[in-house]
Structure formats: structure tokens, C-alpha cells
Amino acid sequence: MDPTTFETHPSRYHHWKLAVAGDVATLTMAVDGDHPHKPGYELKLNSYDLSVDIELADAIQRLRFEHPEVRACVVTADLDRVFCSGANIYMLGLSSHSFKVNFCKFTNETRLYLEDASANSGLKFLAACKGTTAGGGYELALACDDIVLVDDGNSAVSFPETPLLAVLPGTGGLTRLVDKRKVRRDRADVFCTVAEGIKGKRAKDWGLVDGLVARSKWDAEVAARAAKLAAASAGVAKGPAVQLDALAPVIGKDSFAYRHVTMTIDRAARTAAFVIAAPTAPPPADSATAGADLWSLRAFRELDDALLRLRFDYPEIAVVTLRTKGDRAQVLAHDAALAKDASGFAREVRLLQRRVLKRLDNTARSLYAVADAADSCFAGVLLETALAADRFYMLIDGAGEIAVATSVANAGANPTATGLTRLEARFYGEPAQVAKVLGRGADGPISSEDAEVLGLATVALDDIDFADELRIAIEERVSLSPDALTGMEASLRFVGPETVETKIFGRLSAWQNWIFTRANSTGERGALTLYGRPERPVFQLNRT
Amino acid sequence: MTAVITDEKIPNNVNLAGDRRLQRALEEWQPHFLSWWQDMGPVGFQAKDVYLRTAVSVEADGWAHFDYVKMPDYRWGIFLEPKQAGRVHGFGDFQGQPVWDEVPGEFRNMLRRLVVTQGDTEPASVEQQRHLGSTAPSLYDLRNLFQVNVEEGRHLWAMVYLLHTYFGRDGREEAEELLKRRSGDSDKPRILGAFNEPTPHWLSFFMFTMFTDRDGKYQLAALAESGFDPLARTCRFMLTEEAHHMFVGETGVQRVVKRACELMKQAPNGDVRALGGIDLPTIQKYLNLHFTLSLDLFGGEVSSNAADAFAAGLKGRYKEDRYDEHKLIGTHYTMDVLEDGKAVTKDIAMRNALNEVLRNEYIKDCQRGVDRWNKTIKDEGIDFELKLPSHKFHRQIGMWSTVCATPAGELIDRAEFDARKHAWLPSEADETYIKSLMHAVTEPGKMASWVAPPAKGINGLPGEFEYVRLGA
């Protein structure tokens, strides 16, 4: 099987058109039915699959880095009567469970990126829905700041998933409906059971959309609203523009070698070994002069790409070992320089690191961070990867060469989905420990022994025991149920308060993935299985 | 406005006098309907006496009551075919079970959509045809136009009755929306594309009533099989009226064809246009246009909606009882589909192919009408044949909309289609010419230059009868 490619460029888009005019960009969905992610289905009526969402994610990323002048983005469609009809149902019907889950997860992450750009980057989004806005199409609209729906007496917004497919709006739709837009929950209940959706005045009255616009006034009103959104984010620092080059990893048989990151798959052992290398030179005084070569940017783009390949192309891999190598001082210097840099570009790099670390948190594989070599380099932002892991194994080398180090990156720059930092999540029961660790970190590297005492290392052992302990831990992990591990890890990783973000992923992981495996959706007579086929579904009637 | 709701004003067989819920709904809706009729119904002629047929009961002598009436005073009634005791579902997953007299909750949304989509076409065609009165080729045709218009209005009433009676508040809101959408208005368009195309002159009116109203016949016939009994009974009654609309279309085109043949023989070089007629090749182009617009109304070739509606017993096939098998599980329909840009023949699960099945029944029916036109041409001694174009030609909906084809069904590229399209479809010059012929002829019994007189008049009356009293 050819590896999935998550890298693309506007010049190669099949499904979107990106146009920039002044401080407003227009991202037009124009799904090319003949270019699905995999053969076997046709992308009709602006329905989407992974290939469409990969381009959307790319476009959002490029707007942030390459078009900092843009302060508002209009998300719209090229079809006259259809905005977007959601995820392609035939694609879902043909997909494995693992693919469906990862597809939904990726689309959720992409929609969160729209919201992240709105909250933190001075880039607001307007969903200009000039026609049917159904399922995932409405979920995309919900991720925007402002939703306008054409008032033509016919076009509606809808969540037809439950009545038509016996599943849920899978891209965070239900959570955004009541938690983000605060639609009254009884009305949301009605809305989610009317397959054809709700249009016109009622859609506005219920808070499903922000504005209704007649066709004849459409272009003017959309332009006015986009200008207003752009003006509202005028105070946010922007730029300078940096072009994102291709990552172009060297792909071997089950190995991916990027400039700073390598991922090596061992199919027999069901493990993936990640190694992240520290920068080898000091940071530039002005981050943007390094452009896309800036280590803080490049290394995390690479990690992001590798994680996506792991998720989609290696579903059988159970355990990921995370190792780092290089000069701790260089990582700390890069963290410090990035934190000091007030430019819009530096902020975007910080936000990208934050998003990639969240992608790691959300990767449903057992994550073991391992510090077992003298050049191990869990410092600052790389220490975050160890704190994201389910366990952290450290070798006690006696000389104290193996050590971790903290930086500003551990002190609030990289909150997780719960809003807690990874240190706060780790010490949820002993909040004072956070300051203690950061205080100790300020004095210099923390050896393995000290890291264990401070509660950073899960297991710290000397060379007599270490290798065997790690081997057994991995072999044991691999033997456990993948399903139970996914549930267990997610429950433990997201200790702390619920947020819209944790609810979206939590509900996806729990409810939707439960429903996806039930006969009523994907059984022989299930609604998702039979969609588009001649037979009607037959439900198993027991409720829990 | 409450006094208007009486059995006298609104002839019906649905016990309107005893149905407070329906009365209340109609009290609200009926004045809005009348103001819609004034705003969007036929332009002019509202105060004239028109010799119209009114349905006053479902009895044999009641459905066609002829008299002069002013259109706003037309008694739009509500009629359902009488209930058949013991009727059962004739097809789908509920075959053999008693039909439903109330809407089952499970199918409420799907049914409402079917009713709204059908209902939306009725006022749409009135709007499309509203300017035609000023250029009618005869009083006979003018009267037929208005007959079609008031009956489309009554068909709207029939659908609104269903919405009011069976769909609660949502139904009342949809009934209001039916009066708010406007054909061709980009702000509030009618739901289906063909109902937003203009009917700018009488040739297009005849083609519309021949081809687009015939789509209506097939849709109504499919709904007349419905296991939701009130819908079935409503549609059965509507079909009796629809037949007249197709009569107007088929005989209208036939008269234009006949006149073209006559003029071909009169004109020294056969130039029909020189004598103020519409030549046969131009008629063929309008046939191509309206036939293909109407094919679109049947929906996608492979359709999950069609399968769902059949499975649920809501929409059947044309004349379901002609078939032996009514479940359609495990059976297939062999049809043309588009694959990788090529037309190939494939077996499609029958339920998913039902739009295509209905479309093919429709095409056969259209062919019978075209055969009669060709007989007229032959009888006139002219060597010319009108032809229905391929279902692949000039489509806006469905799989063939993504490719270009000749009227013979050969797939060609877009550039070739654009270069040749005016040989197949009306050009602006054709439109300009047809419109130049459109002048009102108001003397009883007289006809415009481009159309032959009808074979007989209305209700056994002579051709020179004053079907519309313009002086009154």
C-alpha cells in the first residue's frame, strides 16, 4: 500500500480553491468527485473524505504562515444550491473502523484549528452557506465564528446523521451545538432528528445560524460581514510571512527520515520508534529570518506528519517509544528565543507546537518516553513529549548525563485540551509540585534520579535493570487489548476539567465509536451499511 | 377574514364544515392564496368571464361543471377519491398491511418533503405562465391557459390540504412557504430547476404542458400508489385534471405542426417563416429543450431517496398493479450508467433505479404523443420526422449532467457541444423569431398565423364560441 500523504499545496488542491484579496481570504469548496482518497466511491454534492480535509488543514495552516495579512477567511462553496453535504456516506460505509475513527479525529482536529486560529491568531472565519449545509458541512460551519445561510425558502442546515444513518454528527457537532453556540438543548434535540434540517427564520431564531441573506444581496453581505470580522481582529500582531516548504521525508521500508525526526516501524514487535533531534545551532535573533527552517517549526511539522502517517497507515502498531537526542541547551535557547519574539510568526510557531503536542495527546497508541542515552534531550518543549506520554522510562547513568530540563515551554505555553499544562495534569493531586519542578528546572538539568523523586520519571533504573524492564513493559503492553488500552489511556491522559475540546474528543471516542461498532449502524441490517441500498434498516431494540 | 370558509365557497368532500382544525388553517391560508393569485397569477383578465370547468364533487357529473366564472371567484375545492374499504399497501416493506390514514411518525419528514416538492410545482407553473394571456393565439387557447392555471391552483390546494390536515404546525408553515417562493426569483426560487425556467411564449407553453405536465402525471401516478391513503386518494383525483393539461400541450403542438405543414406547401420555397409559421426544425429544437428539462424532474438515475420512498410504501411505480412483484428486493434493473466518462449498461438494484424506471415509462408515453405528431406530418404529405432526443442529451440533473451528448446520445466533448448546440436547442434568434409571432387574437374562432384551429371546441361547443368574454 502506498503511504498516505498529508502534505499538499494550493497549487495541487483537487477540492478547494484558496484566494486572497487584501485582508480577506476565500476558501471555496469545490470537491472534485473523481479524486477521492481511495477508489470505490464518488464525492458528490461537495461531500468530503480524508483527501478533502487534508487540503482544508493545509489551507488553514498556510493562511497562518504564508498569508499573515489575512484576518478573515470566508469558507464557501462553488455549487449553486449546496454548501457541503458532509462526510461521504459511501466512503464511511466502505471504511474500516480504525479508519473511520481516525478520519473523524483528523476532521475534528482540523475544525479545532479553525477555532484556534480565531481565538489566538487574529484569523476569523465566516461560513457562507449558499445552499444545503448538511452533517459535516454544518459541523464545518459550526467551527466558524459567523454563519450565514442563504434565505431562499429551501436551503437548510441539518444534522441528518441520527435519522438517516443511525450515528452521531461525528465531528463535534453535538458539542458545538449546545456548548459553543449554546442552542437550547430541547431545540437541539428536535433539530438533530429532522433529516431535512431547519431553514430560514427558525434557523436564526434558534441560534443555528447568525444571519440570513437573500441571494440577490449575497455577495455584498458576505463581503461586509467578512470585512467586519477582519476589522475585529485588527489588533493582533501578524507576520512576517513564511512559506512552508515540503517536508520530503526519506521513506524506506517502514521508516521515515525527516531532517529532525525519524519514525521506524517494527511490524513484528508492533512498535514505532520515534527519535526527535535537538537543534544543532543557536536560534536566530529574529525567528523569521530562519523561515521554515526554524527548528521549532520544522521539527514539529515533521512530528505532526509522522504522527498522521502512524495513525492512518499503521493501525496495528501498539506502542510508540519516544526518544530525543542532542544538546539540551540548544532546545532551551530556541524555546527562550521563541518566547521572547513578539512577532506574529513566532506566535504561530508556538501555536503550531501546541497543536502538534495535542495531536500526540490524541494519538490512540501507548506512548512510552525513553531517556536511555547520554545525548537524550528531553528539554523544554521536547520534555512536553515525555509529559504527554503514558509513561516515562529513564536510565540512571550515575554521571547524571541523562537528565531532563525545563523551559518556558513547560510553564504555560503548551496547555492541553483540558486547559491544564502537562505538568499541571501530571500533578493534578499536588499542584504545588508544578512550581517545585519548574523551580528546580531553573537551576539546571534534572538527573534521572532527581526526576524520579520529583515525579517526572515513571520508572528510573540503572543499567542492570533498565533494558529488561523496558522490554518487558513494551511486550506486556503489546499483549493487552487495543480497545481497552485506547479507552484507558484516553481516560487517564485527560485528567482534569472538561472543556469543549475534551468533550468533543471524549464523545467521539466513547459514544460515536461505540455506535460505529453496533449492529444498528454497521451491522448487516444497520442504517449506515444499508444507506443507498434498497433495504431499510432493522434495529435491535434494546436500549442500555 | 373568517366567513370565507364554507362548503359553498370551497367545494369539498373532506367534511370541511365539521373540521375545525382545517377551517382554522384555511382561514389563515386562503386570503394569502388569493393575494398570491392576484400578485402572481395571470396578468390581466381577472375581471373577465372565462368559460371554465370547476370540480364541485367527485361524482361522475360533478368533476366537470362548466360555466363562465371570473378567475378570482373560481371555487378552488378539495377533493379526494372516495376511500376504498380494506385497501392495503400495494408495494414495499409493508405490502399487504392496511394502508395508513394518519402519517406514521417514522416517515413524517420524508412524506412532508414529497408533498412539499409536489406542491411547489403547482403554483410555480402558474407563475411561469402568467404573462401569456396578452399574446394568446385565440380565445380558445386563452381559455385553456386559464383552465390550466386555475387547476394548478386547485392542485396547490390539494397539497395544502394534506399539509394542513396531517403535518401540524410544520405543515402550516410549509403551506405558507409554498406561497412565498417565486418561479425564477433567485432570492426565493421554486424547488425544482425546470420550474424556474421561463415560459416566455405559447410554443414553450404547449411544450411545457406536453412534457412537464406529463412529468406531473407520472409523479402523481407514483404517489397515487402510496400507502399513505389520503395522499393516494388526493393524487388520483388530481390525475383526472392533469389529463386536460396534457391534452392542451399535445394538441397545441400538434396544431403548430399541422400549420407548419400547411405553410410548407403554400410557400413557394417551403419557407414556413416567410408566411408567419414555425418551421418543423424549430419545433424540434423546442421539443429537445422541454423534453430534457422535464427528464431532469425525475431525479438522479441511482437514488437512495427513491429506494427509501418505495421501501416505506410512500411512492410506488407507475401503475403498480401491472407488475407481479412488489417488494423489489434482490431484483435489478438493466440501465445505462456513466462510468469513467463512458456509457455502460449495468444492473442496478431495482429500488435504487426507480427514478429511472419511472422516467422510462414517461419517455414511452412521450413517444406516443410524438408518434401522433408525426402522423399529422405524414397525413399532410410532408417528409419529416420529429424525434425525442436521448436521455443523455442536455441534462442538468443526474449522472448525464456531467457529460455532453448529441441528441442521438453519443457522448462528445464540451467544445463540440457548444459549437453545435444551436442546431439542437433554440438560439436567441429562434427565441426572437417566436416572440415576434406572439400577438393576441381576440376574435372568436380566429387563430394566429402559426397555429391551426383545434379539431373541436370545449365541452362540445363550436370553435367560434366566446370562451373568454373580453368585453365583459
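Colleague: What domains does the domain assignment of chain A give?

Modeller: This is a predicted model. The assignment for chain A gives domain 1, covering 10-232, and domain 2, covering 250-488.

Colleague: How far apart do the C-alpha centres of those domains of chain A lie?

Modeller: The C-alpha centres of domain 1 and domain 2 of chain A are 33 Å apart. Their contact takes eleven residues from domain 1 of chain A and nine residues from domain 2 of chain A.

Colleague: Which helix of chain A gives the most to the domain 1 side?

Modeller: Helix 3 of chain A does, with seven residues. Helix 1 (50-66) and helix 3 (97-120) of chain A each supply at least two residues of that side. By class, the domain 1 side that touches domain 2 of chain A has three nonpolar, four polar and four charged residues.

Colleague: Now the sheet. What is the strand order in the open sheet of six strands in chain A?

Modeller: The order is 1-2-4-7-9-12, and the pairing is mixed.

Colleague: Why is one side of strand 1 and of strand 12 of chain A left without a neighbour in the sheet?

Modeller: Strand 1 (16-21) and strand 12 (211-213) of chain A stand at the edges with a single partner strand each, so one side of each has no neighbour in the sheet. From one strand to the next, the twist averages 20 degrees.

Colleague: How many bridges join strand 2 to strand 4 of chain A?

Modeller: Six bridges join strand 2 (residues 24-29) and strand 4 (residues 72-77) of chain A, and the two run parallel. Within that pair, Val24(A) is opposite Ala72(A).

Colleague: Which strands of chain A does helix 9 lie across?

Modeller: Helix 9 (residues 218-232) of chain A lies across strand 2, strand 4, strand 7, strand 9 and strand 12 of chain A. The helix runs at about 165 degrees to strand 7 of chain A.

Colleague: Other topic: at what angle do helix 12 and helix 13 of chain A pack?

Modeller: Helix 12 (residues 344-361) and helix 13 (residues 381-388) of chain A pack at about 20 degrees, with their axes 10 Å apart. The two helices of chain A are therefore roughly parallel to each other. Their crossing is right-handed. Residues making the contact include Leu357(A) of helix 12 and Val381(A) of helix 13 of chain A.

Colleague: And how many residues does the contact take from chain B and from chain A?

Modeller: The contact takes 20 residues from chain B and 15 residues from chain A. Helix 8 of chain B gives the most to the chain B side, with three residues. By class, that side of chain B has eight nonpolar, four polar and eight charged residues.

Definitions and conventions:
Residues numbered from 1 in each chain as written. Chains lettered and ligands numbered in written order. Predicted model: local features only at pLDDT ≥ 70, side-chain atom pairs only at ≥ 80, totals over all residues. Pairing = 2+ DSSP bridges. Helix = DSSP H or I, 4+ residues; strand = E, 2+ residues; numbered from the N terminus. Axes fitted to C-alpha atoms, helices over the stretch in contact; angles between N-to-C directions. Contact = placed C-beta atoms within 7 Å. Nonpolar A, V, L, I, M, F, W, Y, C, P; charged D, E, K, R; others polar. Parallel < 35°, antiparallel > 145°, perpendicular 65-115°, else oblique. Left-handed = near helix turned anticlockwise from the far one by under 90°. Domains from an automatic or database assignment.
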